[in-house]
Amino acid sequence: MGSEETRQHEVLSPSTLKLKIKADEGEEKQNWVYDSSVDYRGNIPRRCSTGAWKAARFIIAIEFSERLSYFGLATNLIIYLMRVLHQDLKTAARTANCWQGVTTLMPLLGGFLADAYLGRFSTVLCSTLLYLAGLVLLALSQLVPSLKPCDEVSCQQVRKVHEIIFFVGMYLVSIGTGGHKPSLESFGADQFDDGEAAERKQKMSYFNWWSCALCAGVLLGVTTIVYIQDKVGWGVADIVLMCIMGFALVIFLAGRLVYRYRDPEGSPLTPMLQVAVAAVAKRHLPNPSSASQLYELTASGSTTKRLLPRTNKLKFLDKAAIIEHKDDESAFTWQKVSPWRMATITQVEETKLILAMVPIWLACLPFGMCVAQVSTLFIKQASSMDRKLSRNFELPPASVFSLAAIGMIISVTLYEKVLVPFLRKATGSERGISILKRIGIGMVFATAAMAVAAAVERKRLNSLPSSLSICWLVPQFLIMGFGDGFALVGLQEYFYDQVPDSMRSLGIALYLSVLGAASFLCSLLITVVDHLIQQTGKAGWFGKDLNTSRLDLFYTLLAGVNALNLCWYVYLASRYSYKSVQARVGTAYSDDEDDVESRDATLDRP
């Protein structure tokens, strides 16, 4: 009798049962992370013992060390090329831009390999080892007598073997950076679960604090490391960088037990190609009028990946997901149909995402050209000015780059601690300001920085033969740093958030490719402009040294190009639709709160 009463008490009404199940699911979600990541054993990760800031701090530490090493090399590269390898200004600028271009385009390959085959953790590990190998070669080229530039303290003819070892070492650093940059940053962002509100907010802050750590590394690299290069020796500086990167590798490996990992999913480009092939194959079919005519995996059980709802743009691609034999739907399964003939709604929408990013990528190139000047021609400007801060201390030219890092740290801190909290309260948006608006603000700063740089360079030329104080360069570096705090961080977040989930490393690589392609465009622009000016019978804008050059006109040209491009960018940004994600309960939410559409996006099952 008692057991019967117990059973009656255990019988719950449907509404009570539904609430109980919902509470159990909420408790389960709080304890475990269901975002397709795994722990180091390959199991579903526990939220309390993996990921979030407890893991991200190890990753940010190695980023600090890598940026210290990279900028310790990059900012003084043009000085080394002219002072040690005896290249003229035009050749040195082209060589430096070429190296920077390769360094920032290599992440496209590194990001692809990380997403498709190696995984992000393994890619970071292998890339760091390549990076260390490059630093070893650079140290050897300075310390081994037969590999030094020459026997004398100063010489005009540099040994060919030194040039070979030096450039092999530098390009090994490029290759290492190519795998390191996209994989490390996306691996850090992977530690935060988008499906959990607290961690989603933490991830927004992650990109800001990542950039602060980056700037701290830059600051130390362009002051301490550059000072060692100028005052102690290039070889000693290379040994210091080797030790720093080796120590950073140890720190990275120390966090292995708390990381959340994502298994590689094969080539992320194949599904997009399948969508294109399937859409062309079904081009004779009419555009679907409702989502019920399109195929999608179910949101429960069939897949662990996030699903995307259908959008109304690029409708031709929707044909790739049309179910051709609706009558046979009960017998229809995904496994029975070739993926080259049938795509899911999510695959179609992921293809649309990538296509929609192309105009934004192109519109960011002029900004990238401004960024390229900071570590090349801005530094060369500094080398021709009065750098004495006291009777006994002269500032190394490359150390002026620290002003840009300081400006970026100030802008990111103000953005994170003042602007975002204020805008969250004022607008009710979780993000505060949309990603593309943030990038646009950075572009305005970059345009202003080029205009200021042109004015300062004109004043420097007019003051010859006396040397202008280096303090005149402070405004252009700081303004460019403010712009970086908005645009560069915004670009990182944009290309990480808006790409398909399976392309996160490749997304960071796309951000870096903006800077790489812009560096190559700078080299091309220098060559074309110089050639066209000389064709008129006048002296080119780029002479053998800075005093015979007209950098003021070049900076003015860049400011004009950026101002015109800004108008085009505003038009594109105003028409851009952010990625919406299919929540597991059947509603859609946008990755940018300014673009949320009040709609239900329930998925249709075939």
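Helices here are DSSP runs of at least four residues, numbered from the N terminus. The model is predicted. Its mean pLDDT is 84. The structure holds six cavities of 30 Å³ or more.

**Confidence**
- Of the chain's residues, 87% reach a pLDDT of 70 or more.
- Residues 17-23 fall below 50, and this stretch has two contacts in the model beyond near neighbours in sequence.
- Residues 584-589 also fall below 50. Beyond near neighbours in sequence, that stretch has 20 contacts in the model.
- Where pLDDT is low, the predicted coordinates should not be read in detail.

**Largest cavity**
- A set of 29 residues lines the largest cavity.
- Nearest its centre lie Arg67, Phe71, Val371, Leu488 and Leu515.
- Helices giving two or more residues to this lining include H3 (52-74), H5, H7 (160-189) and H8 (197-231).
- H12 (365-374), H14 (402-427), H16 (474-497) and H17 (504-535) also give two or more residues each.
- By class, the lining has 18 nonpolar, eight polar and three charged residues.

**Second largest cavity**
- The lining of the second largest cavity has 13 residues.
- Leu73, Tyr80, Phe166, Trp234 and Asp238 are the closest to its centre.
- At least two lining residues come from each of H3, H4 (77-83), H6 (120-143), H7 and H9 (234-254).
- H6 supplies the largest share, three residues.
- The lining divides into seven nonpolar, five polar and one charged residues.

**Helix H5**
- H5 covers residues 89-118, which makes 30 residues.
- From first C-alpha to last, H5 reaches 41 Å, close to the 44 Å expected at 1.5 Å a residue.
- Asp88 caps the N-terminal end of H5. A side-chain oxygen of Asp88 lies 3.3 Å from the backbone nitrogen of Lys90.
- Just after H5, Gly119 takes a positive phi of about 85 degrees.
- H5 also gives two or more residues to the lining of the largest cavity.

Definitions and conventions. Residues are numbered from 1 along each chain as its sequence is written. This is a predicted model: local features need pLDDT of at least 70, side-chain atom pairs count only at pLDDT 80 or more; totals for chains, interfaces and linings use all residues. Side-chain values use heavy atoms; hydrogens and water are left out. The expected span of a helix is 1.5 Å times one less than its number of residues. A polar contact is a pair of N or O atoms within 3.5 Å; within protein, one must be able to donate a hydrogen and the other to accept it, and residues adjacent in sequence count only if both atoms are side-chain atoms. pLDDT is the predictor's confidence in each residue, from 0 to 100. Contact means heavy atoms within 4.5 Å. On a 1 Å grid over the protein atoms alone, a cavity is a set of points where a 1.4 Å probe fits but cannot get out, and a pocket is an open set with protein on both sides within 12 Å along at least five of seven lines; lining residues have an atom within 4 Å of a point. Grid points are joined across faces, edges and corners, and a volume is the space filled by probe spheres set on the points. Ala, Val, Leu, Ile, Met, Phe, Trp, Tyr, Cys and Pro count as nonpolar, Asp, Glu, Lys and Arg as charged, and the others, Gly among them, as polar.
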